[in-house]
Amino acid sequence: MRWRRVVSQVGRSVTVWAVSTVTMLVLAGILPDFQLQSPDGDSATRIAMTAALGAGAFGVLSAVVWPLLVRLLLLVPALVLGLLVFFLNGSLLLVALRINPSGQSEAAPETAVIVAAVMSAVASATGGALAVRDDDAYGHRLSRLAIRRRRSHPPCPATPGTVFLQLDGVGHDVLTAAVAKGLMPTVAGWLGAAQEPTRRPTHRLTPWRTDWSSQTGASQLGILHGSNFDVPAFRWYEKEHREVMVCNRPTSAAELQRRAIERTADGGLLTLDGASRGNLFSGGADEQALVLSIATRRRGRENRSRAGYFAYFADPANAVRTALSFFAEVGREIVQSTVARLRKQRPRVGRGGLYPFVRAFATVVERDVVVAAVMGDLLVGRTAVYADLVAYDEVAHHSGPHSRDAEKVLQRLDRSLALIEKAAEHAPRQYRIVVLSDHGQSPGETFHTRYGLSLGDLVRAGCGLPVPRRAERTHSGTEARAAVRAALRRPVEEGGEKHRPTRQSEPVVLASGNLGLVSFPDVPHRMTKEELDARHPALLTTLANHPGIGFLLVRSEEHGGVVLGAYGAEIPLDRLDGPAGPLAVFGPGAADAVRRTHSFPHTADIMVNSWYDPESGEVLAFEEQIGSHGGLGGAQGRPFLLSPVDLSVPMESGQDLVGAEAVHRVLRRWLREADGPQVPLSAEGERAA
């Protein structure tokens with residue numbers, strides 16, 4: 001009955017008001033700079049009335065003024081906005097105390113910040129607790145996240161919608177282990193796992209294999225736009241532009257998206273009535289929030305990247321809760337990193353500086369805003385939604401993919417999945433929830449930790465260039481310089497190489513996880529093995545024979561392309577499929593992945609893949625990461641696709657799902673099965689799909 005819902009809502013509001021009043025009274029008794037009475041003293045009744053009026057005024061201001069303040073601050077960077085939340089909330093409390101009819105209440109500015117934060121958190125917790133057992137109230141709470149958009153949105157179709165949730169960096173092995181440990185009960189219930197024996201499976205789990213470049217930029221571009229051609233790594237050097245492309249740089253992301261659309265003649269997976277949330281690329285969606293490829297545009301109708309902030313922070317309780325969680329996560333990271341250092345855990349990387357704040361943004365702010373945006377999309381009935389949750393990937397890089405820190409993040413991500421599933425129950429149309437990952441992570445210490453020098457140091461030593469003294473004194477550095485002397489038949493210090501390098505000709509060495517790229521910017525084309533040997537006779541031998549390197553890919557005048565390994569191994573690309581050779585330990589599909597990357601226009605002069613141990617699954621990252629991805633080797637190249645059983649199977653039995661572009665075709669097919677939003681820009685684009 002409608003009147004019952006009204007009575008229930010009024011009752012909850014009165015209860016929250018009463019609890020807020022009591023909270024204000026308690027804080028007034030604890031904090032010396034917060035007063036609710038005159039210096040001469042007031043009666044208990046007058047003090048209680050002052051607290052009630054103050055709490056009521058603060059609640060009204062939070063509901064009316066706060067959304068306007070958040071809209072004005074949409075252009076403020078997210079980390080700064082998180083700090084401003086406390087001060088703005090404190091300012092609202094000071095205003096509430098000033099307009100209090102009693103005129104007796106006052107608080108110091110710094111105390112007002114504390115009081116406002118505590119009152120908002122208590123009010124939010126009280127309201128949530130009262131609504132837990134009330135489905136109508138819970139549905140109303142979810143609906144508030146999208147009420148502004150729903151009023152102007154046309155009625156949604158009766159066909160099912162689809163929401164794609166990307167758990168960034170969660171490999172197939174990590175997901176299955178988490179389900180087995182009971183860390184992800186929502187996923188376990190979908191799979192009908194032992195932890196949920198009463199539920200029949202609603203989803204199927206399918207592993208898939210990434211390209212050589214096993215990282216978000218390549219995978220998500222392929223998944224959302226159908227092509228990741230010419231994305232050889234997370235970062236690479238383009239000689240004709242004299243520019244380093246980086247997948248998580250806004251200008252690079254925009255250019256990669258443009259190239260993919262031009263190549264496929266298709267707008268993307270989310271072209272009609274789609275929403276893109278927290279992604280590197282838009283997928284052609286009309287509704288976008290926290291999308292990197294549009295972050296450099298002027299804000300307007302075509303650029304609503306930060307609109308998701310307003311949808312979430314317009315609720316002051318959300319703002320305070322997220323801000324408190326943000327700083328709690330910062331503290332959690334500081335404690336965890338300190339414990340790891342005191343216990344002398346190995347492997348370990350530095351986790352100081354700004355990293356605690358970066359982690360807190362990824363695991364709290366980004367997660368909360370993206371989840372709220374997705375729930376809003378469901379409640380207005382959007383046809384297709386794709387969202388990326390990056391929390392696990394960020395923590396696993398620095399704590400390890402199988403660490404306790406990473407497992408805690410998986411538990412919180414599972415709760416986010418449960419919240420989205422609950423929101424789907426209140427949506428105006430049926431929704432199919434698909435969960436997938438873009439890559440996994442492989443554990444292992446860093447190349448620098450094991451050998452005392454970086455890949456850049458090793459390349460410079462192999463070229464006969466000066467290296468830092470610490471690197472020169474390492475065993476690897478000594479061997480590299482000895483190889484140079486032997487190749488040149490004279491000491492490097494006496495004459496140097498025949499090709500005397502200038503600063504412009506020094507190699508550009510870039511790292512993408514356990515994949516390294518070496519480019520010589522003064523040579524306009526991709527250099528061949530023969531040219532490299534003539535210019536730097538010891539370089540390829542130094543790299544190929546190093547114990548921390550698995551194999552090299554270089555162009556060849558004789559064979560087109562060759563893979564180089566230790567002990568003089570040199571295998572043309574058309575002969576890579578044999579059981580022996582440098583690629584054998586990397587498993588099925590490695591040869592095809594290498595051949596595909598060789599065909600890219602911007603493949604580096606030398607592509608370097610680290611050592612890989614198939615027994616432990618460990619690799620050696622060329623970056624400061626103990627959980628890495630970006631190359632070949634181990635779990636990093638084996639993500640997952642978790643789909644409802646009422647969708648067609650991703651691949652026929654016995655076939656492997658290989659490459660992000662293949663995943664895109666599967667998702668397109670599922671959208672077409674429900675008359676989804678896939679409209680190519682041309683007939684050629686449809687035939688290409």
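1. **Basis.** The model is predicted: local features need pLDDT of at least 70, side-chain atom pairs count only at pLDDT 80 or more, and totals for chains, interfaces and linings use all residues. Residues are numbered from 1 along each chain as its sequence is written, and side-chain values use heavy atoms, with hydrogens and water left out.

2. **Overall content.** The protein has 25 helices and 21 strands. Helices (H or I, at least four residues) and strands (E, at least two) are DSSP runs, numbered from the N terminus. Of the 689 residues, 56% count as buried. Buried means under 20% relative accessible area, exposed over 50%, partly exposed in between, with a 1.4 Å probe and protein chains only. Take the contacts between residues at least 6 apart in sequence: 71% of them join residues at least 24 apart. Contact means heavy atoms within 4.5 Å.

3. Six strands make an open sheet with antiparallel pairing, in the order 12-13-17-14-15-16. Strand 12 (508-512) and strand 16 (570-572) are the edge strands, each pairing on one side only. Two strands pair if DSSP finds at least two bridges between them. Neighbouring strands of this sheet are turned by 20° against each other on average, direction ignored. Axes are lines fitted to C-alpha atoms, for helices over the stretch in contact, and angles run from 0 to 180 degrees between N-to-C directions.

4. **Helices on that sheet.** Helix 17 (residues 455-462) packs on the sheet and touches strand 12, strand 13, strand 14 (549-556) and strand 17 (606-610). The direction of helix 17 makes about 150° with that of strand 12. Helix 23 (residues 590-598) also packs on the sheet, touching strand 14, strand 15 (560-564) and strand 17. Its direction makes about 40° with that of strand 14.

5. Strand 12 and strand 13 (residues 515-519) run antiparallel and are joined by five bridges. Valine 508 has serine 519 of strand 13 as its bridge partner. Serine 512 is found in strand 12. Serine 512 is buried, at 1% relative accessible area. Its side chain reaches the backbone nitrogen of phenylalanine 234 at 3.1 Å. Beyond its neighbours within four places in sequence, serine 512 is in contact with residues including Ala233, Arg235, Glu623 and His629.

6. **Strand 3.** Seven of the seven residues of strand 3 are buried. In a regular strand the side chains alternate between the two faces of the sheet. Both faces are covered here: Gly161, Val163, Leu165 and Leu167 lie on one side, Thr162, Phe164 and Gln166 on the other. Strand 3 pairs in the parallel sense with strand 10 (residues 431-436) over six bridges. Glutamine 166 stands opposite leucine 436. Strand 3 also runs parallel to strand 9 (residues 384-389), again with six bridges. There, leucine 165 has alanine 387 as its bridge partner.

7. **Threonine 162.** This residue lies in strand 3 (residues 161-167). The side chains of threonine 162 and arginine 432 are joined by a polar contact of 2.7 Å. A polar contact is a pair of N or O atoms within 3.5 Å; within protein, one must be able to donate a hydrogen and the other to accept it, and residues adjacent in sequence count only if both atoms are side-chain atoms.

8. **Helix pairs.** Helix 9 (residues 216-225) and helix 24 (residues 660-673) pack at about 30°, with axes 7 Å apart. That makes helix 9 roughly parallel to helix 24. Angles under 35 degrees count as roughly parallel, over 145 as roughly antiparallel, 65 to 115 as roughly perpendicular and the rest as oblique. Helix 14 (residues 391-399) and helix 15 (residues 404-425) cross at roughly 175°, and their axes come within 9 Å. Helix 14 and helix 15 are therefore roughly antiparallel to each other. Among the residues that meet are Tyr392 and Val395 in helix 14 and Val409 and Leu413 in helix 15.

9. Strand 5 (residues 235-238) and strand 6 (residues 243-246) run antiparallel, joined by four bridges. The bridge partner of tryptophan 236 is methionine 245.
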